[in-house]
Amino acid sequence: MGYGRFIFELCRAIGNADTGIQFIVAVQRSADKAYLPEYKNIKYEILDDSIFPLWEQLKIPLCAARNRCDLIHFPYNTKSLLTLRRSVTTVHDLTFFLKTKRDWKSALIHFYMRTTFNMSVRNSDAIIAVSDTTRDALRMKSLASTTIYNTVDGFIGAQNPDRLDKPARPYFLHRGSYAANHRNTDRIIEAFLSCPELTEKYDLKILGVPDGARH
């Protein structure tokens, strides 16, 4: 599912709702426009591509100021240090606080997330957790999350069971991670392939790994 699914379902939920509120959704120029449905309440603001810290810290606040937004929603665990506008931050998990061995790129990303979280998320006007586990983790840091937003129900409800492909064999489903591998995707694959009694009868299906990734 991930961040993209969260944004997709959130846009669908608010896009045609009778709220009387206009929503501005910032989108990088390289994004596939086929994944930008038209909604009566949503205006897409196309911005030049940039690295994520620049996007979050500078481009989003400037976009909000240009459009005179009353509130900014930061959907990816962290938020801008610069904006003086009201803000809501959605926290998906706190894995970037875990002390695990990472490659230099992942370590740098997680350092940015930890630093930004500690310096700015605590100042959000509201914090949204996407699960009970995340809500409890926030409580351990003395942060309250009063809303739990689950996008899976909307995603499942949009599917037509009669049109879904039926699997040829029973399978194990793993929600993977290729970039940081914090979900032990490599070990899951190795363990599955090492058990002939499983591979003969079952398939292993993995979500969250980009096309072209190789084990």
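**A tour of charged pairs and a nonpolar patch**

Begin by selecting aspartate 136 and arginine 139, which form a salt bridge whose closest N and O atoms are 3.7 Å apart (a salt bridge being a side-chain nitrogen of Lys or Arg within 4 Å of a carboxyl oxygen of Asp or Glu). This is a predicted model, in which local features need pLDDT of at least 70 and side-chain atom pairs count only at pLDDT 80 or more, while totals for chains, interfaces and linings use all residues. Residues are numbered from 1 along each chain as its sequence is written, and side-chain values use heavy atoms, with hydrogens and water left out.

The two residues lie 3 apart in helix α4 (residues 132–140), so about one helical turn separates them (helices are DSSP runs of H or I with at least four residues, strands runs of E with at least two, numbered from the N terminus). Arginine 139 counts as exposed at 52% relative accessibility, whereas aspartate 136 is partly exposed at 37% (buried means under 20% relative accessible area, exposed over 50%, partly exposed in between, with a 1.4 Å probe and protein chains only).

Next, select aspartate 203 and arginine 169, whose side chains meet in a salt bridge at 2.7 Å, N to O. This pair links distant parts of the chain, 34 residues apart, with aspartate 203 in strand β8 (residues 203–207) and arginine 169 in the loop between α5 (152–157) and β7 (171–175).

Finally, move to helix α2 (residues 52–66), which gives the nonpolar patch its largest share, 3 residues. Leucine 54 is found in this helix and is partly exposed, with a relative accessible area of 37%.
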